[in-house]
Amino acid sequence: MAEYSSLLADLSENITNEDLEQLKSACKEDIPEEQSNNITCSKEWFSYLEKHDKLAQDNLLYIEHIFEISRRPDLLTRVIEYRTTVLKISEDEEIDTKLTRIPSAKKYKDIIRQPSEDEIIKLAPPPKKV
């Protein structure tokens, strides 16, 4: 739990008021405007997300998505590092998560996956010119 608190503190230090407005805008479908107006700092934003089951110690997908669409790769990288080092997510699970980060993409998960060696069609080389 200490690592999770440390992660949120680190993220909070790197979110300015301008950034916070952009992040709140990115999740306007999930935070009603009246409640969004009451959120004045990143700690309050994280607290709101936790209370509404959008953020938890072992569930960071929502903020990963928000950081991704808000073009904050620095914050996204910190969350992914936490997930891979503290939560010990395997590389396969990491790839699976990247493919399904956006909820509407989950239905395409099996279509997007990498084909196995048996599924790859091998083509003959083109004929040589005479």
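Me: Starting with W45 and F46, are they buried or exposed?
Reply: In this predicted model, W45 is buried, and F46 is buried as well.

Me: And how do the rings of W45 and F46 sit, in terms of centres and planes?
Reply: Their centres are 5.3 Å apart and their planes stand at 50°, so the pair of W45 and F46 counts as tilted.

Me: What about the rings of W45 and F67?
Reply: Those rings have centres 6.3 Å apart with planes at 45°, so this pair is tilted too. The pair links distant parts of the chain, since W45 belongs to helix α4 (residues 42-51) and F67 to helix α5, with the two 22 residues apart. Like W45, F67 is buried.

Me: Which residues do the ring pairs link into a cluster?
Reply: The cluster is made of W45, F46 and F67, linked by ring pairs.

Me: How many aromatic pairs turn up in the whole structure?
Reply: A search of the whole structure gives three aromatic pairs.

Me: OK, moving to α5 itself, which of its residues are buried?
Reply: The buried residues of α5 are Y62, I63, E64, H65, I66 and F67. Just after this helix comes R71, which takes a positive phi of about 55°.

Me: How do the axes of α5 and α6 cross?
Reply: The axis of α5, which covers residues 61-69, comes within 8 Å of the axis of α6, which covers residues 73-85, and the two cross at roughly 155°. With that angle over 145 degrees, α5 is roughly antiparallel to α6. The crossing in which α5 passes α6 is left-handed.

Me: Which residues of α5 and α6 meet?
Reply: From α5 there are I63, E64, F67 and E68, and they meet L75, L76, V79, I80 and R83 of α6.

Me: New topic: how do the axes of α1 and α6 cross?
Reply: Helix α1 spans residues 2-13, and its axis comes within 11 Å of the axis of α6, crossing at roughly 175°. The two helices are therefore roughly antiparallel to each other.

Me: And which residues of α1 and α6 meet there?
Reply: On the α1 side they are E3, Y4, L7, D10 and L11, while on the α6 side they are L75, R78, V79 and Y82. The residues of this contact divide into six nonpolar, no polar and three charged. L75 and V79 of α6 are among the residues that meet α1, and both also meet α5.

Definitions and conventions:
Residues are numbered from 1 along each chain as its sequence is written. This is a predicted model: local features need pLDDT of at least 70, side-chain atom pairs count only at pLDDT 80 or more; totals for chains, interfaces and linings use all residues. Side-chain values use heavy atoms; hydrogens and water are left out. Axes are lines fitted to C-alpha atoms, for helices over the stretch in contact, and angles run from 0 to 180 degrees between N-to-C directions. Helices (H or I, at least four residues) and strands (E, at least two) are DSSP runs, numbered from the N terminus. Angles under 35 degrees count as roughly parallel, over 145 as roughly antiparallel, 65 to 115 as roughly perpendicular and the rest as oblique. A crossing is left-handed if the near helix is turned anticlockwise from the far one by less than a right angle, and right-handed if clockwise. Contact means heavy atoms within 4.5 Å. Buried means under 20% relative accessible area, exposed over 50%, partly exposed in between (1.4 Å probe, protein chains only). Ala, Val, Leu, Ile, Met, Phe, Trp, Tyr, Cys and Pro count as nonpolar, Asp, Glu, Lys and Arg as charged, and the others, Gly among them, as polar. Rings of Phe, Tyr and Trp (its six-membered ring) pair if their centres lie within 6.5 Å; planes under 30 degrees apart count as stacked, over 60 as edge-to-face and the rest as tilted.
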